[in-house]
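Dear colleague,

I am passing a structure on to you, and I would be grateful if you could look it over before reading my notes. The sequence and the model come first, and the notes follow.

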Amino acid sequence: MSTNLADRVASRRNVPARQSANRGAVTQQPNLAQFVQSMRGEIARALPAHVANPERIARIALTELRRVEHLAECTQESFGGALMTCAQLGLEPGGALGEAYLLPFWNKRVRAYEVQLVIGYQGMIRLFWQHPAAAGLAAHTVHENDDFEFAYGLDPVLRHVPARSDRGRPTDYYAVAKMANGGSAFVVMSREDVEAIRQRSKARDSGPWASDYDAMARKTVIRQLFKLLPKSAELARAVAHDGGVRRDASPEGFDAPPEYIEGEVVEQPGGAQQGVVEDVPAEFSGWPEAVEPGAADGS
């Protein structure tokens with residue numbers, strides 16, 4: 001099978017719109033690939049100075065449209081808003097690096113698919129390091145056969161010695177941060193604590209919670225730790241936009257709080273391919289596809 005996105009699109013260009021099995025209505029596919037092309041200038045202007053590759057952001061977005069079922073059926077407003085948030089934060093909008101995930105969900109109120117942006121574990125860590133006072137950050141999983149103890153209070157204690165073999169099942173997760181002024185803080189959460197938070201998520205049974213549970217658990221405890229630490233403006237915005245829907249793709253939309261809506265996140269079957277693929281703009285023709293999880297990054 002060709003790894004060239006344009007070649008693969010050409011072989012499937014005439015696939016008709018699908019009949020939605022769960023909704024009972026034919027969904028006309030919006031031309032989101034063309035929409036990504038039209039946003040390239042805005043993406044380039046939105047990227048932070050240390051991230052100067054708008055073509056890669058656009059390429060990954062195109063791959064996600066093909067890879068994630070129902071993503072190409074989402075509204076242009078929510079897709080553009082999520083993509084612009086990724087650009088303004090300097091995060092890649094795909095699961096390959098675990099920085100951010102674009103998850104389609106069915107908005108019952110407007111009866112349409114919209115994009116929920118989930119900031120990943122690696123994305124949170126990357127943004128933490130942009131703070132000038134950041135000196136260290138680590139998050140780990142504790143297993144039942146590890147040597148582990150902790151205590152809060154005036155003399156906090158955190159000690160973890162992983163077992164060399166047969167570590168057993170995960171029991172706890174913790175995150176610890178050090179600041180340039182010598183200060184430090186840590187948070188410990190049990191597996192039950194993490195599960196309680198997962199159950200409140202719309203994407204509790206799909207997306208990264210299904211494919212990367214440990215990473216999402218570590219992200220959860222890092223988010224709790226961030227409540228105790230100074231945050232950069234980018235990290236504060238990332239926390240605010242995590243799990244929300246942004247419909248304003250203008251630069252000013254980054255400063256407005258996203259909307260959190262009750263909806264149904266679409267479960268992604270393992271290895272599913274997008275059934276309807278849009279035409280790829282000529283500007284993207286010949287690009288290799290963005291790296292998918294588990295593949296080597298050749299860019």
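Predicted model: local features only at pLDDT ≥ 70, side-chain atom pairs only at ≥ 80, totals over all residues.

Residues are numbered from 1 along each chain as its sequence is written, and side-chain values use heavy atoms, with hydrogens and water left out.

The pLDDT, which is the predictor's confidence in each residue on a scale from 0 to 100, averages 77 over the protein chain, and 76% of the residues score at least 70. Contact here means heavy atoms within 4.5 Å.

The protein chain has ten helices and eight strands, where helices (H or I, at least four residues) and strands (E, at least two) are DSSP runs numbered from the N terminus. Of the 299 residues in the protein chain, 52% are buried; buried means under 20% relative accessible area, exposed means over 50%, and partly exposed lies in between, with a 1.4 Å probe and protein chains only. Among the contacts in the protein chain with a separation of 6 or more, 68% are between residues 24 or more positions apart.

Helix α5 (residues 76-89) has 14 residues and reaches 20 Å from its first C-alpha to its last, close to the 20 Å expected at 1.5 Å a residue, the expected span being 1.5 Å times one less than the number of residues. Twelve of the 14 residues of α5 are buried, so this helix is largely enclosed by the rest of the structure; the buried residues include Ser78, Phe79, Ala82 and Leu89. Gly81 is also in helix α5, and Gly81 counts as buried at 0% relative accessibility. Not counting residues up to four places away in sequence, Gly81 touches Arg246, Asp248 and Ala249. Gly81 and Leu117 are 36 residues apart in sequence, and their C-alpha atoms are 9.1 Å apart in space. After α5 comes Gly90, whose phi is positive, near 75 degrees.

Val115 belongs to strand β2 (residues 112-119) and counts as buried at 0% relative accessibility. Leaving aside neighbours within four places in sequence, Val115 is in contact with several residues, among them Ser78, Phe79 and Ala82, which are also among the buried residues of α5. The C-alpha atoms of Val115 and Glu73 are separated by 9.6 Å, although these residues lie 42 residues apart along the chain.

Turning to a pair of helices, the axes of α6 (residues 121-128) and α9 (residues 213-226) come within 8 Å and cross at roughly 35 degrees; axes are lines fitted to C-alpha atoms, for helices over the stretch in contact, and angles run from 0 to 180 degrees between N-to-C directions. The contact is made by Tyr121, Met124, Ile125 and Phe128 of α6, and by Ala215, Arg218, Lys219, Ile222, Arg223 and Phe226 of α9. These residues divide into seven nonpolar, no polar and three charged.

Two further helices each hold a buried residue worth a look. His241, in helix α10 (residues 233-241), counts as buried at 3% relative accessibility, and a polar atom of the His241 side chain lies 3.0 Å from the backbone oxygen of Phe254.

Finally, two loop residues other than glycine have a positive phi. Arg111, in the loop between β1 (100-107) and β2, has phi near 50 degrees and counts as exposed at 57% relative accessibility. Asp166, in the loop between β5 (157-161) and β6 (170-179), has phi near 45 degrees and is exposed, with a relative accessible area of 65%.

With best wishes

Key:
Nonpolar A, V, L, I, M, F, W, Y, C, P; charged D, E, K, R; others polar. Polar contact = N/O pair within 3.5 Å; in protein donor to acceptor, adjacent residues only side chain to side chain.
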